[in-house]
Amino acid sequence: MSGVSELVRWDAARLAEGLRAKVVSSEEVVQAHLERIEAVDGPTSGENPDGVHAFLHVDAEGALARARQVDADRAAGAVLGPLAGVPVGVKDVLTTRGMPTTCGSRMLEGWVPPYDATVVRELHAAGLVVLGKTNMDEFAMGSTTEHSAFGPTRNPWDPTRIPGGSGGGSAAALAAFEAPLTIGSDTGGSIRQPAAVTGTVGVKPTYGGVSRYGLVALASSLDQAGPCGRTVLDTALLHAVIGGHDPYDSTSIPAPVPDVVGAARQGATGDLTGVKVGVVRELSGEGYEPGVLARFTEALDELRAAGAEVVELSLPNIVHALAAYYLILPSEASSNLAKYDGMRYGLRVTPPGEGVTAEQVMRATRAAGFGDEAKRRIVLGTYALSAGYYDAYYGSAQKVRTLVQRDFAAAFGQVDVLVSPTAPTTAYRLGEKLDDPLAMYAGDVATIPANLAGIPGMSLPVGLSDGLPVGLQVLAPQQADDRLYRVGAALEARLVSKWGGPLLAQVPEWKGASPA
């Protein structure tokens, strides 16, 4: 058997096969990943100058106990799920009973929820082993994971660069081989954009296809939990575990999960004969780095070689999606984050002096508890919802949203899937856009439309530009998530064959962010 230290480089499907065959135990697999986290992640709180800092909390004791239980159940002949015993990291926006949930914010520092999110409950029921909670931009507001109150996450490809956001911790944990699977959430690209810049795979399911119960709300009409992995098949296996109807979530779709695993296995043959792929004209050209466009063009050639028909389509209203999104999201965020008032739970800051009022406590708590980016979006949203401006801003943005949805409906009447670059650039340097939030927001131009429309989207790696990963985005109609996996797996199979192995095999061994 391979040395235990090599287990962290096995993908989830291989680990699951080894566990079923009893070639390796869940305890060995989990221990190997815990050792990897300790070696490359650094302390799980505060600034880590030499660490990836993908995790905010690691539950080593609990993970090993669950792993031993899975091993005991397997030895006793119990019927277990396909991923039983495989480790997983969970974005810190999902509630976890007995484990802190901070959303990357001082506002919830130290809060331990009394219940599990439905996604977390499904992970436990399927026998997966939760390693801990991954780092994120505060309340999922950001594209770089620099807005975490507990310090930034670094990109394993280059520690001076961002891992994307808001779910940079979940993506970086995969690329640094700290976890074979992770859970993310995607409000405007927070699964797909980190996947693109770290060379991993991330999927935003159809809105309502995975339960939002226990997913701490940012923008309720946009938020969606989803699976992250190092391969398309791994991501499909995780999607099958967490997807499905949940009566606790009023927005949950009362329909079975599409056969995403079967679609991934079908796609892995590399044959896309009969599939029609649309290239979104508006998601290319100006503002996209030459290296990103070059890898995207090469990927289109691979799709054609797999037998797909590739055509160009126009979605004219998509050019207004970014502006509409940055009115809808802050408005919903302003409403959702109003509950953090220092009164009921979480942080409470009481100003000094006699006769302190509730309003003063709220003001002091919010001033100390929220970071700059959260405050920026709350103020913007509160303004957009205010009397006299609601129709002009929030109302108009919702009308644009309807036009974007109609554009997608028309496009999917002509093609099976749509494709574009996931992000216009590769990972930029930490701190590079902190003083220019509009430039940071523009990085989500290709991912935001899917959230406005409620359709599923995937990002998968299609090569490197100047040594940094480039992602391609696949979009499908609502409840046709299986199309993502068929097309994604086919493209992945051809590219991995062309590269002579997975792209992540080229990730440099972590040596820390500080100079040697």
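Begin by selecting R192: at 0% relative accessibility, R192 counts as buried (buried means under 20% relative accessible area, exposed over 50%, and partly exposed in between, with a 1.4 Å probe and protein chains only). The model on screen is predicted, so local features need pLDDT of at least 70 and side-chain atom pairs count only at pLDDT 80 or more, while totals for chains, interfaces and linings use all residues. Residues are numbered from 1 along each chain as its sequence is written, and side-chain values use heavy atoms, with hydrogens and water left out.

**Stop 1: salt bridges**

The structure holds 16 salt bridges.

Next, select E302 and K498. Their side chains meet in a salt bridge of 3.9 Å, N to O. This pair links distant parts of the chain, since E302 is in helix α9 and K498 is in helix α16, 196 residues apart. Helices here are DSSP runs of H or I with at least four residues, strands are runs of E with at least two, and both are numbered from the N terminus. E302 is buried, with a relative accessible area of 14%.

Then select E509 and R9. E509 forms a salt bridge with R9, and the closest N and O atoms are 3.5 Å apart. E509 lies in the segment after α16 and R9 in the segment before α1, so the pair ties together parts that are 500 residues apart in sequence. Both ends count as partly exposed: E509 at 39% relative accessibility, and R9 at 42%. Salt bridges that share partners join R9, R36 and E509 into one network.

**Stop 2: helices α8 and α16**

Two packed helices are described by the angle between their axes and the distance between the axes. Select residues 260–267, which are helix α8, and residues 481–499, which are helix α16. These helices pack at an angle of about 25°, with their axes 7 Å apart. That makes α8 roughly parallel to α16. The axes are lines fitted to C-alpha atoms, for helices over the stretch in contact, and angles run from 0 to 180 degrees between N-to-C directions. Angles under 35 degrees count as roughly parallel, over 145 as roughly antiparallel, 65 to 115 as roughly perpendicular, and the rest as oblique.

The crossing of α8 and α16 is right-handed. A crossing is right-handed if the near helix is turned clockwise from the far one by less than a right angle, and left-handed if anticlockwise.

Stay on helix α16 and pick Y485, which is found there. Y485 is buried, with a relative accessible area of 0%.

**Stop 3: backbone geometry**

Most residues other than glycine have a negative phi, and most peptide bonds are trans. Select K22, in the loop between α1 (12–20) and α2 (26–40). Phi of K22 is near 60°, a positive value in a residue other than glycine. K22 is exposed, with a relative accessible area of 56%.

Move to H53, in the loop between α2 and β1 (55–58). Phi of H53 is likewise positive, near 60°. Is H53 buried or exposed? H53 is buried, with a relative accessible area of 0%.

Now select G165 and S166. A cis peptide bond joins these residues, with omega about 5°. S166 lies in the loop between β3 (129–134) and α5 (168–175).

**Stop 4: a surface patch**

Select Y383, Y389 and Y393. Together they form a nonpolar patch on the surface, with about 280 Å² of accessible area. Patches are made of residues with over 30% relative accessible area and no salt bridge, with like charges joined within 9 Å and nonpolar side chains (Val, Leu, Ile, Met, Phe, Trp, Tyr) within 5 Å. Accessible areas come from the Shrake-Rupley method with a 1.4 Å probe, and for residues only the protein chains shown count as cover.

Where is Y389 found? Y389 sits in the loop between α12 (372–384) and α13 (391–412). Y389 is partly exposed, with a relative accessible area of 34%.

Key:
Salt bridge = Lys/Arg side-chain N within 4 Å of Asp/Glu carboxyl O.
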